[in-house]
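Me: I'm new to reading protein structures and would like a close look at just one part of this one. Could you take it slowly with me?

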Amino acid sequence: MHSTTESRPKILIVDDNPQNRRLLEALLRAEGYITETAEDGMEAMKTVARHAPDLVLLDINMPGMDGYEVARSLKGASETAEIPIIMITADLDHGARLAALDVGVEDFLTKPFDRIELGLRVRNLLRLKAALQESRRRLSQLLIHRERAKEEERKSIALEVHDALGQNLLALRMDITRLHEWAKEHEPRIHGEAKTMLENVDASLHSVKSIINDLRPFQLELGLHAAVEWQLKAFERITPVKCQLEVRPGVSDNDLDDGQVLLLFRILQESLSNIARHANASRVDVEMVKENGTYVMCIRDNGVGFQRNAIKANSFGILGMVERVGALKGVFAIEPGESVGTVVTVSIPISESIQVASSRMLTP
Ligand SMILES: Nc1ncnc2c1ncn2[C@@H]1O[C@H](COP(=O)(O)OP(=O)(O)OP(=O)(O)O)[C@@H](O)[C@H]1O
Ligand SMILES: [Mg+2]
């Protein structure tokens, strides 16, 4: 039995026969479920669109949209595909069962209804659905945790490389500079070798700088737009792709906090890496827009175009971005462009404190 209204699962009963509806309602309410009824397929679809039930009991033969059609459309839409469906069939109707299985329903119930069987089938399916939701929630937390841990690790490796390796190299450089200067007067051979050593140390210092920068881009200190500009130039140097950034009027670096800036920058980096690996594009356009309290970054390429079924089991880039943007109450979308290529859109709500601060700046 379920105690509070809010936590009680809601079951939608779809049947054109009023007696069946009443009977199923009574049986399910006795088990503690909340019930809703629909007398045909169209009404069922409208009810689901208003508020998704936890489970649907669905009759096959109904005037207008029949049970198969309802099941097919619920299973065909990503928002409703996971609502379990129990199809009501006649006892020996093997053909109807096969057809129902084919459209993706999870279980059957035969007429006349057996109260205990109904209760058990509903309970089992609701348990399965809850388990699926729980594992989805954990996966989402795991992805967010993984991304955070990655950022933390990058930060600490960057500090370590800077402090241990970078500082030692600088000290070594100072020593070799002194040796180089001393040897100029006293040991011409050592003078020449010290010069080569200095060049090597400078090359190592340069590598250290670029490693630190890959781990924790110092350009972000100058703001998101400068960092994006720099990243696009770097991308142009290593690929044949031409890049363009457009920051729409009124959009400012101050619209975002540090976490949001870092997230947008990482999404740009992952998207550019995807473009280099999968798109075969010749052009990338990045646009920053502000609309209705939301900061929007749009990355368009003119490549082969994104196909949803191309996401493989071992592809985690897009999944990670979806979860991280969701954790900041934003929305991430990747879709094929209108005529060509792929469009990645990230919308992040600008926090209220930042909105207030920037409106004060505008009205002195
Ligand atoms: N700009 C793009 N153009 C065309 N296809 C794309 C584009 N971006 C992504 N894709 C497709 O989406 C798939 C999933 O991308 P995702 O970033 O999630 O994983 P991945 O790049 O394959 O691997 P990784 O986990 O290393 O990022 C890619 O394998 C590719 O088929
Ligand atoms: Mg990727």
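This is a predicted model: local features need pLDDT of at least 70, side-chain atom pairs count only at pLDDT 80 or more; totals for chains, interfaces and linings use all residues.

Which residues are buried in helix α9 (residues 317–327)?

Reply: Happy to go through it. Residues are numbered from 1 along each chain as its sequence is written, chains are lettered from A and ligands numbered from 1 in the order in which they are written, and side-chain values use heavy atoms, with hydrogens and water left out.

Now your helix. In α9, the buried residues are Ile-318, Gly-320, Met-321, Glu-323, Arg-324 and Val-325. "Buried" means under 20% relative accessible area, while exposed is over 50% and partly exposed is in between (1.4 Å probe, protein chains only). Helices (H or I, at least four residues) and strands (E, at least two) are DSSP runs, numbered from the N terminus.

What do they pack against? The buried residues of α9 have α5 (115–186), α8, β9 and β10 as their partners; contact here means heavy atoms within 4.5 Å. Just past the end of α9, Lys-329 has a positive phi of about 65 degrees.

Let's visit those partners. Strands β9 (residues 331–336) and β10 (residues 342–349) run antiparallel and are joined by six bridges; two strands pair if DSSP finds at least two bridges between them. Pro-336 sits opposite Thr-342 in β10. The hairpin made by β9 and β10 has five residues between the strands, and Gly-341 there takes a positive phi near 75 degrees.

Helix α8 (residues 258–279) holds both Glu-270 and Asn-274, four residues apart, which is about one turn of the helix. Those two coordinate the magnesium ion (ligand 2), through OE of Glu-270 and OD1 of Asn-274, at 2.1 to 2.2 Å. Donors are N, O and S atoms within 2.8 Å of the metal (3.2 Å for Na, K and Ca), and since water is not among the atoms, sites may look incomplete. Glu-270 counts as partly exposed because its relative accessibility is 24%, whereas Asn-274, at 16%, is buried.

Finally, the wider setting. The domain assignment, which is automatic or from a database, gives domain 1 (10–113), domain 2 (143–215) and domain 3 (219–362). Nine residues from domain 2 and 10 residues from domain 3 take part in the contact. The centres of domain 2 and domain 3, taken over C-alpha atoms, are 33 Å apart.
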